[in-house]
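The sequence and the structure are shown first, and the description follows.

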Amino acid sequence: MNKTTGAATATPSARVTPVVVHAGVAYVSGQLPRIAGELQVRGKVGAEVDLDTARLAARLCAEACIAALSDSVGEANIQRVIKLTGFVASAPGFNSQGAVIDAASDVFLERFGSLAGAHARSAVGVAELPHNAPVEVELIAIVQSV
Amino acid sequence: MNKTTGAATATPSARVTPVVVHAGVAYVSGQLPRIAGELQVRGKVGAEVDLDTARLAARLCAEACIAALSDSVGEANIQRVIKLTGFVASAPGFNSQGAVIDAASDVFLERFGSLAGAHARSAVGVAELPHNAPVEVELIAIVQSV
Amino acid sequence: MNKTTGAATATPSARVTPVVVHAGVAYVSGQLPRIAGELQVRGKVGAEVDLDTARLAARLCAEACIAALSDSVGEANIQRVIKLTGFVASAPGFNSQGAVIDAASDVFLERFGSLAGAHARSAVGVAELPHNAPVEVELIAIVQSV
C-alpha cells in the first residue's frame, strides 16, 4: 500500500506546465503535498493516513499552488483565488473530504484574506492519486498579467 | 455504509464561497443533493442507491447550482450554462455515470432552453463523496455582471 | 468486469455539447477513447488494462478532444491548449496516473508544439468511468472566435 515509488517517478511530469495564464486567469496544475519536490505523505485518507495528517498534506498542496503561481507571475501579482478543486484519495467509508480540503482553503484565506482568498470549491474522494499521494489540489486564480 | 454523519457535519463548509464571479464567468462550488441544507440521499450508486434515486439526487444537485447562482447574481442574470462536472460515488462495476448526470443536464436544458442551457460536460465515478452523498455537481456559467 | 454495455449505451449522451466556447475560451467535454464513436478499450488500469494500453487509450482521448474542437471551430482556429484534466479508472494500488496522462499531453505537444501545446494539468485515479472506459480527458483551450 505505502510502497515507495522512488524519487525519479515521484517528480512532476516534464509534460506539465505548472501554471498557464490566459487573459488574467491562471490555471494551476494539480499539486501534490511536496516539499522541495519530495512527496511528504503517502497512502489513503481514512486508512494509512489519518485526518490530521491529511489536513497537513492539504496545506502543503495549497502552499505548492501558491509557490507555483509565485514562480510564474510573482506573488504580488496574485489578485484573487477563484476556484479550488480538492481530490482526496479516500479509503472506503471515508467521507470527510470537506474537512481535509478546509485545510487547503484556510491557506488561501490566511494568505490573501477573506475577500481575495474566498473561492468556489469542489472536494471529492478519488480512488488513487499519482505516487500514492493522499491529496491533490488544483486552482484557478486571477493574476495581474505580466 | 449508510451511516448518518449528522446535520452539523453535513452542512457546507464555512470556507466555501458558493459562487465566485470574475469577468462574467461564474464558478459554482460542487453542490450535493440537499433541500434546505439537508442532504436527501446517502450511499454509493449501484449499491445502496439505485439509478432512479441517483438521478433524483443529480436533479437536486443541479437545482442547488441554480439556487446558488440565483442567490449570488439573481436568476434573471444567468445568461448561459457553460460546463458541468458530475461526480458520481460509484459502487464497483457501476458504469452509468452518464445516465445519472443526464438528469442534472436535463434541469439546465429545461430551465434555460436548448441554447442557453447547452453545456460541455464530464461525468466520472469517484470513490467517495462528502457526507456519503451519491452525487456532486459543479458548474461554470456566464452571468450578467451585477 | 469487462462487460460490454452495448453500442446504444456507449454513445455520448445527447444532452452533452462536445464544445462550448465563450469569449475565446473553449470547454471540451470529457472524451473517452473512441474511434468513430466506438469505445476501443474497457476496464481498470492496473487490472484488465496495462500501462501501454492505457497510454494508447489516453492518446485516443486527446485525439477525440482535438477532433471535437476541430468540428466546433475548425482546427486552424485552435490557438492554444490551457488545461487538461485526466481521469484514470484505477485498480487498487495503481498510482501511475501521470504516466498514463503523459500520453495525452504528448498528443497536444506534438500537434501544437511546445508553446501552444503546453498546458496545466491534473491527473487523478477515479473508481469508475462511463461504459467502463479506462481513461477520460477533458480540456480547456483558447480558440479564435468564429
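A residue is called buried if 20 or more other C-beta atoms lie within 10 Å of its own, exposed if 12 or fewer, and partly exposed in between, with C-beta atoms placed from the backbone. Q144(C) is exposed because 12 other C-beta atoms lie within 10 Å. The model is predicted: local features need pLDDT of at least 70, side-chain atom pairs count only at pLDDT 80 or more, and totals for chains, interfaces and linings use all residues. Residues are numbered from 1 along each chain as its sequence is written, and chains are lettered from A and ligands numbered from 1 in the order in which they are written.

Q144(C) lies in the segment after β7 (135-143) of chain C; helices (H or I, at least four residues) and strands (E, at least two) are DSSP runs, numbered from the N terminus. Leaving aside neighbours within four places in sequence, Q144(C) is in contact (C-beta atoms, placed from the backbone, within 7 Å) with N77(C) and Q79(C). Between Q144(C) and G30(C) there are 21 Å in space, C-alpha to C-alpha, and 114 residues in sequence.

In chain A, 8 of the 9 residues of strand β7 (residues 135-143) are buried.

In chain B, helix α3 (residues 97-116) spans only 24 Å between its end C-alpha atoms, whereas a straight helix of 20 residues would span 28 Å; the expected span is 1.5 Å times one less than the number of residues. α3(B) bends by about 80 degrees at E110(B), the bend being the angle between axes fitted to the seven residues ending there and the seven starting there. Its buried residues, including V100(B), I101(B) and F108(B), pack against α2 (51-73), β5 (78-89), β6 (120-126) and β7 (135-143) of chain B.

Between chains B and A, 22 residues of chain B are in contact with 22 residues of chain A. β1 (19-22), β2 (25-31) and β7 of chain B each give two or more residues to this side of chain B, and the largest share, 4 residues, comes from β2(B).

How values were computed: Two residues are in contact if their C-beta atoms, placed from the backbone, lie within 7 Å.
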